[in-house]
Amino acid sequence: MNTTVQELKEPVPTPAANTKMRSVNIVVPVTTRLPAKIWLAVPLVTAIAFVIHLWAAKNQPAVETNSYSVFLEIVFGISLLIAGVQLFCPPVRRWMQHMCPIMAAAILLLSLWEAITSGLRWLPMPYFPGPPGVLQSLITDRARLFDSTWHSLFLLLSGYALGVAVALVTGVCIGWFAPARYWGMPLLKVVGPIPATAWVPLAMVVSPSAMFSAVGLIALAVWFPVTMLTASGISNTKASYLDVARTLGASPAYLIFRVAIPAAMPNIFIGLFMGLGASFLTLVVAETVGVNSGLGWYVSWAQGWAEYGKVYAALVIMAAFFSTIMTVLFKVRDRVLVWQKGVIKW
Amino acid sequence: MTEGASLRIASVNKDFAKANDVEARTIALHDVSLSIAAGELVSLIGPSGCGKSTLLRLTAGLDTPNSGELWIGPEMITGPNAERGLVFQDPNLFPWLTVRRNIESGLVARGKLQEKRHEVDEFMRLVGLETFENAYPHHLSGGMAQRVALARALINHPKVLLLDEPLGALDAFTRMRMQDEVLRLWQARGTTMLLVTHDIDEAIYMSDRIVIMTPRPGRIERTIPITLERPRQRNSPEFLQLRGEILEMLHFAGEARSAEV
Ligand SMILES: Nc1ncnc2c1ncn2[C@@H]1O[C@H](COP(=O)(O)OP(=O)(O)OP(=O)(O)O)[C@@H](O)[C@H]1O
Ligand SMILES: [Mg+2]
């Protein structure tokens, strides 16, 4: 029986292969020449988008649609340029093979959006501007958008950092010390599930400034999932790791910081991701109701002026902003949890 | 050179609450007494559930007996300590540390890493894993992981090494090689060793004495000294004869008990 277990084990990789660990990935065979349908996809689709744009924009003022034409032309130019570079540079070829289909699809979606809105006018006009209008808003109002993004980033990071710092302390205490669990767990279970946004009225009353209350609310939103997952990760540390450490002469500090916390790391990261999602939501709500800056505020402000192009411009920025932060957290996770097998890719 | 210390287990009793009934107790160890000299290698064998692991955990200080005492040399055992190393059947390497850091962890835990860093390389060579120092445990085969676990336990130079079926999960070839490695270390260091095994050949090949335990309640049935000369031949007539005798005893012990099951 033992021997079959041995045989079923994956072969031991060489040390060289160990130094760089990769997670499961779709293996794309890399050919020496890219098929035309791959490298032509983006230029072709861009050309189609251009035609649709000319047709859809024929009854709109040129100032509003010109930047989108320029944008498409630039995409067209770059895609041809990269198709040329790819002939001499294999990494670029690999990247293209992976990215071309999805980028072509994205551009097609843009044209579909334009066709439905400014072209066919299927959707009520002022509320649903086409891509040219949104791009134009992005360009004309860039200073204010930049400023708002900056404010949002500041709020988000301060709230998130505060929430995580407090949550790690409370989570480790609740997970490790029995008295802390006895008194802390009920509090966590009762207070934690209240959405942070429900505290908005109270926060406005007790806090000296809207800024403070926003940071506090975001921290609260992050605190609950991170505490919960940290506590459960710590209290579920495999007893035999702790036993081994004790027989190696470990002090209580070693058991907490070098055994329980590393063992809980995968759980802690789940909490960090949940907390990040909650913090985005809370950020936008807090900015909308109290703080007079930031992307959340910008959306409601632009809506007040019925400038829907700007609303969508802010949404585009938000999407890029939030997914960048998410990606950064995934990168940190991959770095910290290299020791884990087959982590999920973002 | 003898790093080992004598171990004395005096009338130890240990029971546990049964999982399905709070009132009832499982008697894991009943009046167990055993003395092991410094530098001796003793094997514990016996059917599953006879309290071998419980006895090892008590010796390691991870559990406390209901009554009775355990002594290391002149000191009574009150809790876990780096002078008593324990290797489990499952290597239990810390998966978040590389091979090197796993082996170092005993030094880190005692704040001795600066002082004794050179020994880490020594142990890595000893167990033949220099080329894997930066690999993470999930990249290792079962035999390699067990060797790392052994090195990790040895780096603190324990006076007593407790081995709970450390080679149980290995295939026959790796197991025999590891037995020789453990013997080599034992002879070089003079560490006192208490080895739990299910493999009678292993017990005869390795130990100075074999202690046979029986379950319900867990207690020591008898002790058999092994006086064969070292290095031992696994297929010598004396070896095979001893093996036959022990098998007979165990069979006998097994039959007498099986009626109770
Ligand atoms: N933590 C525990 N809680 C309750 N019962 C336990 C506990 N540990 C051991 N026991 C019981 O004590 C008895 C002895 O267990 P032990 O693990 O020492 O046996 P063992 O001889 O090591 O068996 P094996 O050869 O299967 O490893 C068993 O009946 C077991 O159910
Ligand atoms: Mg056992």
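Thr54(B) places a polar side-chain atom 2.5 Å from an oxygen atom of ligand 1 in this predicted model. That pair is one of several polar contacts (N or O atoms within 3.5 Å; within protein, one must be able to donate a hydrogen and the other to accept it, and residues adjacent in sequence count only if both atoms are side-chain atoms). Here are three of them side by side.

| Residue | Protein atom | Distance to an oxygen atom of ligand 1 |
|---|---|---|
| Ser48(B) | N or O atom in the side chain | 2.4 Å |
| Thr54(B) | polar side-chain atom | 2.5 Å |
| Gly51(B) | polar backbone atom | 3.0 Å |

Taken alone, ligand 1 exposes 630 Å², and the protein buries 60% of that; these accessible areas come from the Shrake-Rupley method with a 1.4 Å probe, and for residues only the protein chains shown count as cover. The shell around the ligand holds 13 residues, with Ser48(B), Gly49(B), Lys52(B), Ser53(B) and Thr54(B) the closest; a residue is near when one of its heavy atoms lies within 4 Å. By class, the shell has four nonpolar, seven polar and two charged residues. Here Ala, Val, Leu, Ile, Met, Phe, Trp, Tyr, Cys and Pro count as nonpolar, Asp, Glu, Lys and Arg as charged, and the others, Gly among them, as polar.

Which elements of chain B each supply at least two residues of that shell? They are strand S1 (7-18), strand S2 (21-36) and helix H1 (52-60), where helices (H or I, at least four residues) and strands (E, at least two) are DSSP runs numbered from the N terminus. H1(B) gives the largest share, three residues.

Now to the partner chain. Chain B brings 37 residues to the contact and chain A brings 30, with contact meaning heavy atoms within 4.5 Å. Between them the chains bury about 2800 Å², 65% of it on carbon and sulfur atoms; buried area is the accessible area (1.4 Å probe) that two parts lose on being put together, summed over both. On the chain B side, Trp96(B), His138(B) and His139(B) lose the most area to chain A, together 25% of what that side buries.

Some backbone details of chain B are worth a look too. Most residues other than glycine have a negative phi, and most peptide bonds are trans. Yet Asn92(B) has a positive phi near 50°, in the loop between strand S6 (84-87) and helix H2 (99-109). A cis peptide bond joins Arg216(B) and Pro217(B), with omega about -10°, and Pro217(B) sits in the loop between strand S9 (209-214) and strand S10 (219-225). Another cis bond links Arg230(B) and Pro231(B), with omega about -5°; Pro231(B) belongs to the loop between S10 and helix H7 (237-258).

How confident is the predictor? The complex receives an ipTM of 0.89 and a pTM of 0.84. The average pLDDT (confidence in each residue, from 0 to 100) is 88 for chain B, where 95% of the residues score at least 70. Over residues 253-261 of chain B the pLDDT is below 50, and this stretch has eight contacts beyond near neighbours in sequence. Chain A averages 85, with 89% of the residues scoring at least 70. Over its residues 1-24 the pLDDT is below 50, with 30 contacts beyond near neighbours in sequence. Where pLDDT is low, the predicted coordinates should not be read in detail.

Residues are numbered from 1 along each chain as its sequence is written, while chains are lettered from A and ligands numbered from 1 in the order in which they are written. In this predicted model local features need pLDDT of at least 70, side-chain atom pairs count only at pLDDT 80 or more, and totals for chains, interfaces and linings use all residues, while side-chain values use heavy atoms, leaving out hydrogens and water.

Technical notes:
pLDDT is the predictor's confidence in each residue, from 0 to 100.
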